[in-house]
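Work through the following exercises with the sequence and the model side by side. Each task is followed by a solution that goes step by step.

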Amino acid sequence: MTKKMINLTIDGTPIQVPAGTTVMKAAERLGIHLPRLCYHPNLSLEGACRVCVVQVKGFNHFLTACSQEVWEGMEVQTNSPEIRQARRDIVELLLDNHPKDCQTCDRDGNCELQRQAYRLGVRERLFEGRRKEYPTDESSKSVIRNPSKCILCGRCVRVCAEVQGVGNLSQHGRGFNTVVGPANLSNMDDSVCIQCGQCVAVCPTAAFLEQDHTERVWQALSMPRDVKHVVVQVAPAIRATLGETFDLPMGTPVTGKLITALRRLGFDTVFDTNFGADLTIVEEATEFLNRVTKGENLPLLTSCSPGWVSFLEKFYPEMIRYTSTCKSPMQMTSTLIKSYYAEKKGMDPRDIYVVAIMPCVAKKFEAARPEHSLPDGTPYTDAVLTTRELAWMIKSYGIDFNALPDGEFDRPLGISSGAADIFGATGGVMEAALRTAAVKLTGEELGPLVFEEIRGVTGIKEATLRVGDKDIRIAVSNGLNNAKHVLDAIKSGEKEYHLVEIMACPGGCIMGGGQPYPRADHDPLDPETARTRAKALYGIDAQKQLRRSHENPAIEHLYAEFLGEPSSELAHKLLHTHYQARTPRGIR
Amino acid sequence: MPNPVTDFFEALTDRTRTRLAERGDAQKTIIQIGSATCEHAAGSQDVLEEFTKHIQASGRDDVIVHKTGCTGRCSKEPIVGISIPGRPPVKYERVNREIVHKIFTQHIQKGAPLPEHALDNSLDHQYAFEFVFCQGLRCNHLGGLKESFEQLLRQHKIPEDQVRVSTHGCFGTCSEESVGQAAFVLVRPSKVVYRVKDQTDLELILREHIRGGRIVEPLRVTRKPISQDFFDLYADVSFFSAQNRIAMRNSGIVNPESLEEYISLGGFKALATALSKGDPEWVINEVLKARLRGRGGGGFLTGQKWKLATQNEEKTRYIICNGDEGDPGAFMDRGMLESDPFSVMEGMIIGAYAIGACKGFYYIRAEYPLAIKRIQNAIDLCRAAGLLGKSVMGSGWDFDMEIRLGAGAFVCGEETALIRSIEGERGQPKVRPPFPTTRGLWGKPTCINNVETFANITAIINYGGDWFAQVGTEESGGTKVFALAGKVKHTGLVEVPLGTPLRDVVFGIGGGVQDDKALKAIQTGGPAGGFIPASMDTLPVDFGPLAKVGSIMGSGGMIVLSEEDCMVDISKFYLSFTQEESCGKCTPCREGTTRMLEIMERITSGKAVMEDLDKLERLARLCQQTSLCGLGRAAPNPILSSLKHFRDEYTEHIVDKVCRAKKCVALVRYEVSPDLCIGCTVCARNCPTEAISGNRKEVHVIDQNRCVKCGQCYEVCRFDAVERK
């Protein structure tokens, strides 16, 4: 059935839109992008900031375009002098209660409040007065919370509750004293925060930021090569997104330039987290096949996403026994750098400094987990940089990124299959695992390569695949609120799967909490962004000769030379980990 | 055809009658004591205890104590009523243990009332009969009958101490008769209402009733007028007789904890009528005909709201009673919940039936423990009596309710915030539309009505929507309860027909301005209301006219301001309330009220410049036009209306640095007059900052740099030598 069409005028221009369209969307059809701060298409309507107000004939007060649906004969004014003044004044009111430190702020040039203030013409301060001041909460290993910069748009609150199903953040106090934070305004570190960093991704200002690791990386890079051998590894998702920060079209793969840039920055060795991804698949496929053979602890839940692991420990500790014990690709790579690679090079692992470039802020937390360290406490991963931090370092160094020649990863931990590249998109780990598992289960060398049914950015994807003589039931979820549905269905017995991929961030790592802020004409969390970025990864995969993780010769060599065989004792010691319930107080 | 609801109701009333007859109160002397939060605070529990002791000591079993709610005569509490069979009831004011002893020994034991303690001097003129003529707005052209009657009494030389003639607002009887055909007369203490058409009727009353002591049956109104019980008891007190009691008809009469007493006063008849008809649409139509507007402040037509809820396809629907009364100085809802909980409850059940709700919630602020207790008691009793729960009154329709407590946020009176609060979320308004009638509590269609709105429903069903509409104006039917306070002689709860001129409330009922100062303004609508200057005191109280002059009806606060009040200071006070209570969700309210308050602080401390006024007005308009909820949109009302009507006071503060009412401390200066000071040193000794110097018997001097303007010297000087400038 086609929807009823509604006729209205916007600034005198007649337009016809389907019933149920909001004024904001109707205006967009006319090419008018109304200002907005609290509005986000993927989150519930807040209507708090009021900057999208419009004038509607017949009303004394102004209506918010984000929430108001059109009606027949509606007459909307989007830019009358009254409306322009109201919007300007609203943004000034926000600025008046915001630190005046734009020049030294992390979000300078990338701040939605700054952008709106400029656009709406706040050129002087009329109403300034007292300003809120709160201490910055730096307790978390991943996320810094700075309420002094908060404009109370509530996007972080909604993303945390509605997309991630965590609900760690909420407003406290009221009126001028309203502040966003975890329950009882406890430290982020003591809260149920799962470090995913989606609050950072959706925050229009710098009220949430990742913990900065750039300074320690500069320090390490400045040390003589023989004192600190600085090794860097790059997650699959970075190569699909870093280009955006250098004005390349979204979805431009930049693997080669990225490698060169890292060498220019002074990294001694440039490895690929993809190698760890391939290794993860080999270990995980073995683990999976063992469980299938024994018919126990199914479904196997993936464990690459540290936000998900944190969520598991905090909210679903009873599901720990289903979760793969494989370390994440980052930790596998780091561990091998400080064992296998160090041994090969004849270096003391403590003289190696490992930096991981990740799309993720939870990786900073993961790197700091005590189990991911050498027996003397030296962490396998010394620093984790987000895509944003790396981009800034490249810019700060003065590297003309787009003019860089392509480089190649160092060996041996730089060789990878296409299966590893697609780890960065939701469904990618599952697809990579299936490529290997299919071969192992059937014993046929040429199993299927592309599993279309689990590609795409849908929140929950399910499929039953015929592999050999077995039906393998799988599920893929991204965004932890979706994971909740899957996990609850497993717990209740409503659903039975063999293998489940869970990624904390909506869209997977390409939409991770550490990825570049969207440009002015895009929203954070935009599914279109996710699709475009994912396409880049699938493109890289398609062009590779190696498509299956277990076919990676470097992996084969690693087992032959060092680990023995998948799931061997040494493999277990180095490549597997354990989890523990971290049930927050008051939850259960 | 037998109707199960009618049968149920008959059985219920029979049971009640029998039980009350067993109590045999009709033949006893009744000591009526107000029992509500305000009465308790004034000491009514002590009074109750003292009377109980006296009764026990006297050994009299024909004297009983009757606990009632509150009549709304705040400044005279505790109020005690003494009803001895056959005599007009007497009310005493500000009773304490000592007065209890006097009342008991002299009035109850010896039959000699104590005029010196009578409420509002109501015993100054004693009489055998009081004839109270109805003076309702709609039929007062028959007021001539009252004069004829007085003339008749004079002709027949009836002494003034035998018969008193007075008037009262409206009994609410006119539905039986076509308007203007007859006048109604209540005879106290005979508990009779006559319908009087002409001189012949008056003569008949004189002959039969006054001379013969017999009730004139042919003239008697058989159907009990709505407020008869109230005026039987209170018509001799001018504070009450100028009012019109519909929503508060039982307040101060009924024991709020007794379902039986409520039923004996006509309770649950309306619900029985509604359920026995089996037609929710009929109920909605009556409420529509009544033109009842939401008493919480919005003024939306209640019938319309109910209708909207029924138009939704979703059949799980909720009804909520909004008892989150948060305006400073407002206590209408508390008064009704504490004094007549069953009436609110019956109205709510009828509303639930009309919209097809399966569950109701009372949202009452936690600061009202007695109201909560009484509503819980009412719920329990109603459930036990089959008035709630499975098959209400045998109708086959299931409905139940429960109480949810508000945690003290003003904004939770806003309906979407209230819903969030019940859901267990942070109490913050949500964007509307969708309105709660479309998507409310847990996403289901929900009607939220105010306590007073529900308190009117039974009257509408019992007496008809048309009748209700006649009381009030063309736009809005019925009465409105106001909490009259401020610089007025008589404070308390006042119920008047909508459309009553403000003046009549302040001067007629309130007795005028305290200390006979000049009236400056009347503030209506609570902290988000506006000021109406004295020059507009003939303005009819109704939603439209109030909005037109920049104020609101709100939930019914009415504060009288005199020449001693500073409009800037009062505006600042209201703004500080809304600033403090802003939920913090939307920018204009959260940030705007703070900036406005900063400007107001600058103005009252003499630090503002004229440019600040423009900024203030600009922010006020912004807040009004762009805030998310009604509270934010109304928050600047005090500022905008005082700027409109009292701009010169702002200018004085800014330009001349003068506060003419001497309320803005920073602008006040204390000086010692050399002519009047005798050098007694009292001021110097009382000054907390040692700002006053001077030797004994010498003129003292105040050091302006040290003075903190506390006014202590001004208060203690016995020679008026300290001047406040």
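## Exercise 1: Chain B as a whole

Chain B is divided into domain 1 (4-121), domain 2 (129-236), domain 3 (267-470), domain 4 (479-565), domain 5 (568-656) and domain 6 (669-724), with bounds that come from an automatic or database domain assignment. The model is a predicted one, in which local features need pLDDT of at least 70 and side-chain atom pairs count only at pLDDT 80 or more, while totals for chains, interfaces and linings use all residues. Residues are numbered from 1 along each chain as its sequence is written, and chains are lettered from A and ligands numbered from 1 in the order in which they are written.

Task: describe the extent, the secondary structure and the burial of chain B.

Solution. Begin with the domains: the centres of domain 1 of chain B and domain 6 of chain B, taken over C-alpha atoms, are separated by 52 Å. Along the principal axes, the C-alpha atoms of chain B fill a box of roughly 85 × 70 × 50 Å.

For burial, a residue is buried if 20 or more other C-beta atoms lie within 10 Å of its own, exposed if 12 or fewer, and partly exposed in between, with C-beta atoms placed from the backbone. By this count, 54% of the 725 residues of chain B are buried. Finally, residues 24 or more positions apart account for 72% of the contacts in chain B with a separation of 6 or more, where a contact means that the C-beta atoms, placed from the backbone, lie within 7 Å.

## Exercise 2: Where the chains meet

Task: what does chain A contribute to its contact with chain B?

Solution. The contact takes 28 residues from chain A and 28 residues from chain B. On the side of chain A, the elements that give two or more residues are α2 (81-96) and β7 (170-172) of chain A, and the largest share, six residues, comes from α2(A). By class, this side of chain A has 13 nonpolar, 11 polar and four charged residues; Ala, Val, Leu, Ile, Met, Phe, Trp, Tyr, Cys and Pro count as nonpolar, Asp, Glu, Lys and Arg as charged, and the others, Gly among them, as polar.

## Exercise 3: A helix of chain A

Task: which residues of helix α3 (residues 112-120) of chain A are buried, and against what do they pack?

Solution. The buried residues of α3(A) are E112(A), L113(A) and Q116(A). Seen down the axis of α3(A), they fall within an arc of 100°, so they line one face of the helix; the arc is that of the directions from the helix axis to the C-beta atoms. These buried residues pack against α2 of chain A. Just after α3(A), G121(A) takes a positive phi of about 85°.

## Exercise 4: Backbone exceptions

Task: locate the backbone exceptions at R50(A), D720(B), P433(B) and P434(B).

Solution. Most residues other than glycine have a negative phi, and most peptide bonds are trans. R50(A), although not a glycine, has a positive phi of about 75°, and it lies in the loop between α1 (23-29) and β3 (53-56) of chain A. With 29 C-beta neighbours inside 10 Å, R50(A) counts as buried.

D720(B), also not a glycine, has a positive phi of about 50°, and its place is in the loop between α28 (712-716) and β21 (722-724) of chain B. D720(B) is exposed, with 10 other C-beta atoms within 10 Å.

The peptide bond from R432(B) to P433(B) is cis, with omega near -10°, and the bond from P433(B) to P434(B) is cis, with omega near 5°. P433(B) is found in the loop between α16 (415-423) and β12 (446-450) of chain B, and P434(B) is found in the loop between α16 and β12 of chain B.

Methods: Two residues are in contact if their C-beta atoms, placed from the backbone, lie within 7 Å. Helices (H or I, at least four residues) and strands (E, at least two) are DSSP runs, numbered from the N terminus.
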